[in-house]
Amino acid sequence: MSAPLLSPATSLPAAPRIVAVGYRRLNKMLQELAPDFHTMATVEVLDMGFEQAVNRVHELQASRPVDVVVSAGSNGAYLRQHLEMPVVLVKVGGFDLMQALARAKRLSSHVGLVTYEGMLPDLSPYGELFELGVTQRTYRTEDEARATVRELHGAGAQVFVGSGLVADLADQMGLTGMFLYSADAVREALDDAVEVARAARIEQAKRERLNAILTQLSDGVIAVDREERIQTLNPAMAQLLGVQPGAWLGRRLSEVCPELGLQNTLRLAAPELERIERVKGKALIVNRMPIVEQGVLTGAVLSCQDPISIQRVDRHIRARIKPQAETPRYELDQVLGQSSAMAHVRLLARRCAASPATVLIIGESGTGKELIAQGIHRASERRDMPFVAVNCAAVSESLLESELFGYEEGAFTGARRGGKIGLFEAAHNGTIFLDEVGEMPVTLQTRLLRVLQEREVLRVGATEPTPVNVRVIAATHRDLMAQVDQGLFRLDLYYRLNILRIDMPSLRERIEDVPSIANALQLRACARLGLPVVRAQPLIDALTAQAVQYHWPGNVRELDNLIERLLAYAGPLAQPGAEALSSQQSEVFLRSVAPELFGVSGVGQPVPAVSRVADKPALPAPALRQRHAQAERDEILAVLADCGGDRAKASERLGISRTTLWRKLKALDT
């Protein structure tokens, strides 16, 4: 039976829970002393022992954890063997023993001291000194205790001192039994139990805090004792190894996973850092560290990192420290133009986006090479990674090397402390756009070739290369093969770049796209300048009407600039309330602002006053346009003759597509 003592402590879940186990005399003493501890713990007293007590403690443990068990003698020894919690034994002090023996001597000159095995020291050396006249025996079981009492009684013993079991057996035989345990000994055992519970609670809190920390770690952690038995295995490690967290606890690490063994660490007490180990087909970065407490080696700890997670962190670090990387703004659907030439470009770009190969974009200045590069990146698997653009013609040779490849600390005078990552490293896992790659110095072309071949970058001043996973898109307006012939571009680099190729058509080759492009650019310009689109439309219509007569050497960029110029100068004319411009007035104003569209140099041309726009002279004579067309026809025929009639070679030399050459030749026939 259990006799729970109801006290204020029972309502406090945080108070330690102590279960005291004892028969008869010990049980009575525990019942009397338990209320004295109600402010420190919940004490429940059980009048039972051995297997029955073990089962009852397990039942109590299921409802609320039991911190400590208090018992004595053989009952306490049995509980220690069968319970996985602290068991505090009632200890008999020397003063208690002498008092019990003194009381026994008053009743009989022949006293039997019968105790559980190992409970008391041998008293024979003190027998003659204190004239004790005591015969000491020990027992392990109840049957042994009963036989021992009978034996000593047969030898003349009338008074027996011992545990509750011995005292009861003596009383049952008509002899005198004296209980060996004093109230002070029981109180001391309860005090010890409270202290053990308090220390265990503190240790448990530390353990839970440590486990909470280990649970949150992304690194896998295993801690072992001196015998290499696993004490801690956090969820991250269990996930890396594909095991349940509790499956390996208590087992030797070398037995369950030899690749991660800590025997050498325990033997040498030396750390091993950043070792690459292959465990269950997976590469892990492993660190081994000895655990030394107060100068004594008490175990070892092993931590593992998944290279994939390191790469993920590396990606975030690169993203934070790269000032050059920017988010691409354009997608392929935003590239304007409904001509067949631009439809073909968008089709090629989407196919390039599906491949990781290097792309070479060739086209005149202003044709939108970077827009296509951004669109390819946005349509690829690397869309969420960095997009880094660099103009190889805009940076000096001395700076371009450090910008592209980075440098180590102290690599040169003025080098930043700690070094600097290059643009290739900044674009790790993303895309780097090398604009005007044809302008890159030959000395740097060799280094670029190695990056493309080996996928690793060697910083200026470094001795070990850094692996990079980067997609390269290059662009140029140059004829790279002609530069190869002149020794200005490496042939092997050309073939490394010219894997996937996109030829950007010039604006004059897709003149039918000018209206749609002009209208889109007009919307942006009007928004910037605060002009009504409706008022500015006559000027745009005049521009698109004249566009077919112009060569557009600056392509879409030139068209954008002309629209910006046109609307900026026409601001007062396009404001609400101003008289609407007629088509003739718009054309006259266009001629004055953009004379190059009419074959007239605009250098030094004054900007017309608003009030005099209608007084401007008419369009230039048709003869001027005819002379320009005749010069173009002469050039085409001369190049075609020089190429022996080969239209493919002629179109390449003229810098136009075969379709455009065919259209112009057809115009010659008519």
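Q: What makes α13 and α14 count as being in contact?
A: In this predicted model, Val345, Ala349, Cys352 and Ala353 of α13 meet Ile372, Ile376 and Ala379 of α14. Contact requires heavy atoms within 4.5 Å. By class, this contact has seven nonpolar, no polar and no charged residues.

Q: How do you know which classes of residue make the contact of α1 with α8?
A: Helix α1 (residues 24-33) and helix α8 (residues 183-216) cross at roughly 65 degrees, with axes that come within 10 Å. Leu26, Met29, Leu30 and Leu33 of α1 and Ala183, Val186, Arg187 and Leu190 of α8 make the contact. Arg counts as charged, whereas Leu, Met, Ala and Val count as nonpolar. The contact of α1 with α8 therefore divides into seven nonpolar, no polar and one charged. The crossing of α1 with α8 is right-handed.

Q: Why is the pair Arg450 and Glu456 called a salt bridge?
A: The closest N and O atoms of Arg450 and Glu456 are 3.5 Å apart. The cut-off is 4 Å, between a side-chain nitrogen of Lys or Arg and a carboxyl oxygen of Asp or Glu. The pair meets that cut-off, so Arg450 and Glu456 form a salt bridge. Side chains of opposite charge can pair when their charged atoms come close.

Q: Are Arg450 and Glu456 buried, exposed or partly exposed?
A: Arg450 has a relative accessible area of 46%, and Glu456 has one of 22%. Buried means under 20% and exposed means over 50%. Both values lie in between, so Arg450 and Glu456 are partly exposed.

Q: What makes Arg510 and Asp513 buried?
A: The relative accessible area is 3% for Arg510 and 2% for Asp513. Buried means under 20%, so Arg510 and Asp513 are buried. The side chains of Arg510 and Asp513 also meet in a salt bridge, at 3.1 Å from N to O.

Q: Why can the pair Arg528 and Glu564 be said to tie together parts that are apart in sequence?
A: The side chains of Arg528 and Glu564 meet in a salt bridge of 2.2 Å, N to O. Arg528 lies in helix α20 (residues 514-529) and Glu564 in helix α22 (residues 555-569), so the pair ties together parts that are 36 residues apart in sequence. Glu564 has 26% relative accessibility and counts as partly exposed.

Q: How many salt bridges does a search of the whole structure find?
A: The search finds 26 salt bridges. Arg24, Arg25, Asp168 and Asp171 are linked in a network of salt bridges.

Q: Why is Lys420 called buried?
A: Lys420 has a relative accessible area of 14%. The cut-off for buried is under 20%, so Lys420 is buried. Lys420 lies in strand β18 (residues 420-421). Lys420 and Gly406 are 14 residues apart in sequence and 5.3 Å apart in space, C-alpha to C-alpha.

Conventions: Residues numbered from 1 in each chain as written. Predicted model: local features only at pLDDT ≥ 70, side-chain atom pairs only at ≥ 80, totals over all residues. Heavy atoms only, no water. Helix = DSSP H or I, 4+ residues; strand = E, 2+ residues; numbered from the N terminus. Buried < 20%, exposed > 50% of the residue type's maximum accessible area, 1.4 Å probe, protein only. Axes fitted to C-alpha atoms, helices over the stretch in contact; angles between N-to-C directions. Left-handed = near helix turned anticlockwise from the far one by under 90°.
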